Amino acid sequence: MQAISFENVSYSYKQADAEYVRNAVDGVTLDIEEGKFIALLGANGSGKSTLAKLINGLLLPVSGEVKVFGKPTVGDDQNGLFEIRRRVGMVFQNPDNQQIASIVEDDIAFGPENIGIDREEIGRRIDRALKVTDMEAFRYSQVSRLSGGQKQRIAIAGALALEPDILILDESTSMLDPKGRKEVMEVARSLNREKGMTVINITHYMDEAAEADEIYLLKEGKLVKSGTPDEVFSDTATIRECGLELPRPAMLAEKLKAAGIISNVKITSKEELAEEICKSLRKN
Amino acid sequence: MLRDLTFGQYYPTTSFVHKLDPRTKLLLLIAYITAVFVAGNFYGLAASLLFLLIAVAFSAVPLWSVLKSVKSILFLVLFTFLLNLFFYAKKEGDTTLFWVITKEGLISALFLASRLILLVMGSSVLTLTTTPVSLTDGIESLLKPLSYIKFPVHELALIMSIALRFIPTLAEETDRIIRAQKARGGDFDSGNVFKRLKALIPILIPLLVGAFRRADELGNAMDARCYSGSKNRTKYKKLKFTFRDLIAALFTAALIAGVILLNNGAI
Ligand SMILES: Nc1ncnc2c1ncn2[C@@H]1O[C@H](COP(=O)(O)OP(=O)(O)OP(=O)(O)O)[C@@H](O)[C@H]1O
Ligand SMILES: [Mg+2]
């Protein structure tokens with residue numbers, strides 16, 4: 001089943017005094033299959049966050065239609081909208097601005113409380129969410145004392161407590177140190193592999209993107225390319241045009257090809273590159 | 001300094017008083033305050049002091065911490081004392097000690113000052129044994145009946161808990177801004193009061209702007225987690241009265257009874 005489908009979706013932030021505002025998302029059509037790990041790429045201001053907010057109905061399309069598991073996001077169906085928000089968990093960029101309560105377990109309880117889950121079940125959900133995010137030891141800790149990576153894992157746990165089917169990470173690792181980044185990505189990957197959760201990772205780290213099943217590339221609100229990492233990163237011209245860099249192995253592969261050392265350019269991982277270099281060494 | 005505000009003066013330990021339901025503690029504090037106000041003579045105040053000391057003993061908080069709370073209002077106590085001492089309305093038959101000071105004036109000033117000290121020490125037992133978070137829960141629960149007359153109890157409690165959550169975050173940000181401004185040559189420690197107040201502007205403006213940005217992001221995060229106001233909402237933490245609360249209530253009832261009897265000279 002399609003987890004998410006966009007049909008010619010546009011959105012613009014209306015401003016009272018501006019005559020013309022460029023569409024922040026402009027005629028995007030896409031289908032994301034359930035259980036996929038997606039990377040959404042694009043330069044600053046290319047519309048990634050806007051697209052993410054269109055998925056869970058925080059924003060409603062100006063034209064076109066957004067469907068989540070076949071249900072369109074429309075404003076006059078409040079209950080439908082809340083059900084979509086429950087099914088689409090979202091973690092934002094700044095680890096400091098997402099927790100409502102001072103104590104970890106109270107914060108995780110916030111989502112389930114909102115949708116009227118009873119107390120015993122909330123308790124069980126907190127247990128499970130903390131286990132998955134490996135934060136059990138911090139159940140009674142003060143949120144403000146946690147590290148950035150831990151705060152983001154609590155934010156994931158807060159989303160998981162609503163038992164979503166889709167998890168969106170909107171640059172959730174960009175304010176973290178490498179250790180925190182790794183912790184958060186590990187949680188996201190294991191959710192995808194073990195629970196079959198659809199994950200959409202908005203990121204500026206190409207090495208993170210290279211590990212996704214599919215990549216969607218945005219430029220000025222338009223979807224300019226999508227496909228597997230190999231497909232997308234081999235189109236180096238488009239990548240550059242979008243103001244992005246290649247993942248480091250792909251960058252090196254490109255230079256090696258230019259120097260005539262290797263012949264394959266569809267390379268995104270270190271392993272592939274190593275194999276390719278070995279091959280060409282063996283040939284010579 | 002600001003950082004410590006989340007936990008306020010909370011003294012983390014486990015004790016009989018710590019384990020009491022926050023609602024019990026709030027209600028009993030109100031009862032205690034009433035007793036201190038009702039007390040018409042020093043015997044009544046002595047009874048209240050005894051009650052307070054027993055409460056402190058059962059709270060495992062060092063008496064020193066409770067006394068420290070008086071320090072912050074020392075000026076107010078002194079002021080009250082002097083005001084009552086000098087402006088005591090002299091009556092027929094009062095004994096003048098010297099100048100305008102009478103024995104009765106001195107007694108009344110002492111009485112009022114002791115009352116003030118007892119009030120502050122009593123409230124500090126509450127804040128020393130209860131986290132602001134559970135105080136918020138207690139207040140929300142006590143105000144619950146008001147929601148029937150459309151008073152926004154849930155919203156008020158949410159505002160309070162978000163404020164508590166963000167105090168440490170904003171304190172950290174303030175620190176950072178101050179350091180950043182100092183690095184640019186900002187000077188906050190010299191000059192007269194006006195100069196120093198003016199120096200605060202470059203701290204307050206970025207702080208305020210930052211707070212609005214945070215509020216925006218927090219609003220998104222709350223919406224994303226299905227927040228829709230108080231309707232159909234459940235609560236994970238449920239406050240429960242226990243046997244302990246009953247004992248504390250009986251004990252406080254004894255204080256009130258004692259004070260009333262002492263007032264009438266029955267004991
Ligand atoms: N609240 C808003 N009001 C008006 N314009 C906005 C608002 N939010 C975003 N925009 C504009 O919409 C466009 C897309 O912004 P968006 O935040 O979706 O980009 P992004 O790809 O997430 O960028 P970044 O990498 O910086 O997070 C930008 O031109 C931005 O200026
Ligand atoms: Mg963004």
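Helices (H or I, at least four residues) and strands (E, at least two) are DSSP runs, numbered from the N terminus. This is a predicted model, where local features need pLDDT of at least 70, side-chain atom pairs count only at pLDDT 80 or more, and totals for chains, interfaces and linings use all residues. Residues are numbered from 1 along each chain as its sequence is written, chains are lettered from A and ligands numbered from 1 in the order in which they are written, and side-chain values use heavy atoms, with hydrogens and water left out.

**Exercise 1.** Find which elements of chain B each supply at least two residues of the nonpolar patch.

*Solution.* Start with the members: B:F75, B:F86, B:L97 and B:W99 are among them, and the patch has about 1200 Å² of accessible area together. (Patch residues have over 30% relative accessible area and no salt bridge, a Lys or Arg side-chain nitrogen within 4 Å of an Asp or Glu carboxyl oxygen; nonpolar side chains are joined within 5 Å. α5(B) gives the most, 6 residues.

**Exercise 2.** Classify B:L97, A:C242 and A:C278 as buried, partly exposed or exposed.

*Solution.* Grab the cut-offs: buried is under 20% relative accessible area, exposed is over 50%, and partly exposed is in between. B:L97, in strand β1 of chain B, has 46%, so it's partly exposed. A:C242 has 5%, so it's buried. A:C278 has 38%, so it's partly exposed.

Technical notes
Buried means under 20% relative accessible area, exposed over 50%, partly exposed in between (1.4 Å probe, protein chains only). Patches are made of residues with over 30% relative accessible area and no salt bridge: like charges are joined within 9 Å, nonpolar side chains (Val, Leu, Ile, Met, Phe, Trp, Tyr) within 5 Å. Accessible areas come from the Shrake-Rupley method with a 1.4 Å probe; for residues, only the protein chains shown count as cover.
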